[in-house]
Amino acid sequence: VKQRSPWPWLVLVVWCAWMYAVAGRAAAEPSLRGFVPDLGLVLLLALEPRLAARDAFKVALIVALARLAFSADAPPAVLAGVFGAVALSRAVRSFVEVDGLVARAAVAGGSALFAGALAAAAHLAREEAVLGREALPPGSGPVLHAAGATALAAAFAAPLLLRLPGLSPFVRSRRAFA
Amino acid sequence: LFRARAACTIGPNRIRTLSSTTKRTLGLLLWLGLVGSSIWPIPALDGAFELARAPLSALAELASPLAVLRRPEVQAAQRDVLAAWREEAEAGELLLAAQARLATPTDPALVAGRRLVHAEVVGPSRASADLLLARVRDVRGLAVGLPVVHGAVFVGRVRRIGPAVDLDADKIEIELVTSKSFRVGARARDEVSGRDVDLIVGGLDEPGSLAVQSPSDRELFAGMASVNARLEMLDPSLRLAQGYLLGRVRRVGDEQHWSVAAELDYRDGLFHLVVLAEPDQGLSSDEPMPQALADQGWRAARPLSHGDPSPWRETLRLSIGSTHGARSGAALAFGARLIGRLGAVGPWSADALLPGDPGFHVVAVALFDGDEVPRVLGRLISLGRDARGAVHFRASGGEPLALAPDGDDGCRAARLFTGAGDAGVPSGLLLGDARVPVGPAQGLEDVRLARATRTGNLRDLWVRVEIADADSGGPERGSKP
């Protein structure tokens, strides 16, 4: 990515905002809510192998901010989840090709599971501050389902997300396999 | 760590020259800090994050074309709710009238020589859960120390009268009998010996029980305790509460320990109270307060999102913030229905937590089919929405529901409304039709709110603000349409 050109970054912001807006709409349907993938995370993990560490964390910040614009999840939990996904991807990349279908799905599923569990724990902690011992932990089912849906989306939809209009500067900057 | 601290103190230029190991260590520490503050929240840090998040409402506007695509769906949903508005508002008014009726003492011996002043509970005071704030129509004739009752049951005494610090002109602060420092003289007739026993009641012994001290007869076994104004010269106001019930006193545990089983749920069961004032030729007993739907304490809010990307949550982002008078916990309404409550509030936007969001909570009352008496359900805490669209709640507190179920599920059909006691949530707003466990099933089964409003489809929402804030200016204010 050319550091001086802001356009790819602005396009990325718009795409991330739309992904989370549509994800929010889909998750509002009771029949769909367990199967809505975290497309922002999928896009981040698809771009990460193609970016320098500094750019990868910038993309992660954009993904986190886009999610926070539509979500009531605790901001530190969202930031920790997204940055943790980048760190996991970079760690896995040191010994396996993360751009492969299975590895990509595994990293995305694991990251979504961690991010979802952390967001649920953060929500419970804040409820406990208000309700005390009457606070109830949210069910684990939707978090597991969403992690599965994210893994599937990473496996099959990630290449399509990389072809979204305006994102080619990120894709073309592919670096050598670390 | 020394190098990391040096980097923090020197600034960004120094960070650029750090080794990759130091940068990784700093990154790891930052990440661990984020994880830690997620699980162990620090209110000041959460407030700072909310402030930093404020400009993101502009980012949410990027998705506004989605609202245009959904316009027919939105209009249909709003039409359905508005069609039922009048009937639902009337039902809320009837509920409030029934609550006021139940809260008003009727026994001539308990009413004679007193002026009754109705008070609607607004919520607990910030200072203590044992201090309640209540709104009255007219504070004239009220004085500190006057007794406060619910029906024939003694509740507490007036502690402060507005206007005062953190207390508006139309509000009073009530100290509940559960307060640690509260003491009231009482008398109970022992069920075994038949003798009258004087005692002092006040403070909590355990949840649901009031503490008892200094019984005049230590052989006391059990009996119904009521207020007894023994020292009328020292405390003339307590005379007005003479004869009002406190609850059944009984010996518990060891031989020298007594407690009073509370007649009311003092934490979540007090919606409407009556202050007992001295008779005044110029002032008569007043009428209960009208429903809050029509007053000026509402402000329009527009959803910025269409749902939460987290699949287990049910929230919206709203275009209203603290600069418009919005406060965390305030009611979000459409027509006569409670749509949700505000969560984190930033300067220009806020989270709206909807009933299907796990952890959403509200004090509720139920009007059961074939039963005219409003029943206190206590605090309902949401467990989330199931695949069929019903929202499940766990009830905390509330009164025993000695009613017969009308189905095999141990439940009975009821209409749920908000109760008073949650700051920012007026009583009498409709929550919806529900199946409520009664009799033996109470406490074992969930309260199920069937066909809960599909709130994501409603766009013209109203947020409850303090009337003083609504009058302070701004683009949209005033009563609901």
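1. Start with B:Asp166: at 64% relative accessibility, this residue counts as exposed (buried means under 20% relative accessible area, exposed over 50%, partly exposed in between, with a 1.4 Å probe and protein chains only). B:Asp166 has a positive phi of about 60 degrees although it is not a glycine. You'll find it in the loop between S4 and S5 of chain B. Helices (H or I, at least four residues) and strands (E, at least two) are DSSP runs, numbered from the N terminus.

2. Before you go on, keep in mind that this is a predicted model: local features need pLDDT of at least 70, side-chain atom pairs count only at pLDDT 80 or more, and totals for chains, interfaces and linings use all residues. Residues are numbered from 1 along each chain as its sequence is written, chains are lettered from A and ligands numbered from 1 in the order in which they are written, and side-chain values use heavy atoms, with hydrogens and water left out.

3. Stay in that loop for a moment. B:Pro163 also sits between strand S4 (153-161) and strand S5 (171-176) of chain B. The peptide bond joining B:Gly162 and B:Pro163 is cis, with omega at about 5 degrees.

4. Now look at B:Ser214, in the loop between strand S8 (209-213) and strand S9 (222-227) of chain B. B:Ser214 isn't a glycine, yet its phi is positive, about 50 degrees. With a relative accessible area of 52%, B:Ser214 is exposed.

5. Zooming out, chain B has 10 helices and 24 strands. Of its 481 residues, 54% are buried. The C-alpha atoms of chain B fill a box of roughly 85 × 65 × 55 Å along the principal axes. Take the contacts in chain B with a separation of 6 or more: 62% of them come from residues 24 or more positions apart (contact means heavy atoms within 4.5 Å).

6. Over to the rings: how many aromatic pairs does the structure hold over all chains? There are four. Rings of Phe, Tyr and Trp (its six-membered ring) pair if their centres lie within 6.5 Å; planes under 30 degrees apart count as stacked, over 60 as edge-to-face and the rest as tilted. One of the pairs is A:Trp9 with A:Phe170, edge-to-face at 5.0 Å centre to centre and 90 degrees between the planes. This pair links distant parts of the chain, 161 residues apart: A:Trp9 is in helix H1 (residues 7-27) and A:Phe170 in helix H8 (residues 168-172) of chain A. Both A:Trp9 and A:Phe170 are buried.

7. A:Phe57 and A:Phe83 form a tilted pair, 6.0 Å centre to centre with 45 degrees between the planes. A:Phe57 lies in helix H3 (residues 53-70) and A:Phe83 in helix H4 (residues 75-93) of chain A, so the pair ties together parts that are 26 residues apart in sequence. A:Phe57 counts as partly exposed at 34% relative accessibility, while A:Phe83 counts as buried at 18%.

8. Last, the contact of H2(A) with H3(A). It is made by A:Gly40, A:Leu41, A:Leu44 and A:Leu47 of H2(A) and A:Ala56, A:Val59, A:Ala60 and A:Val63 of H3(A).
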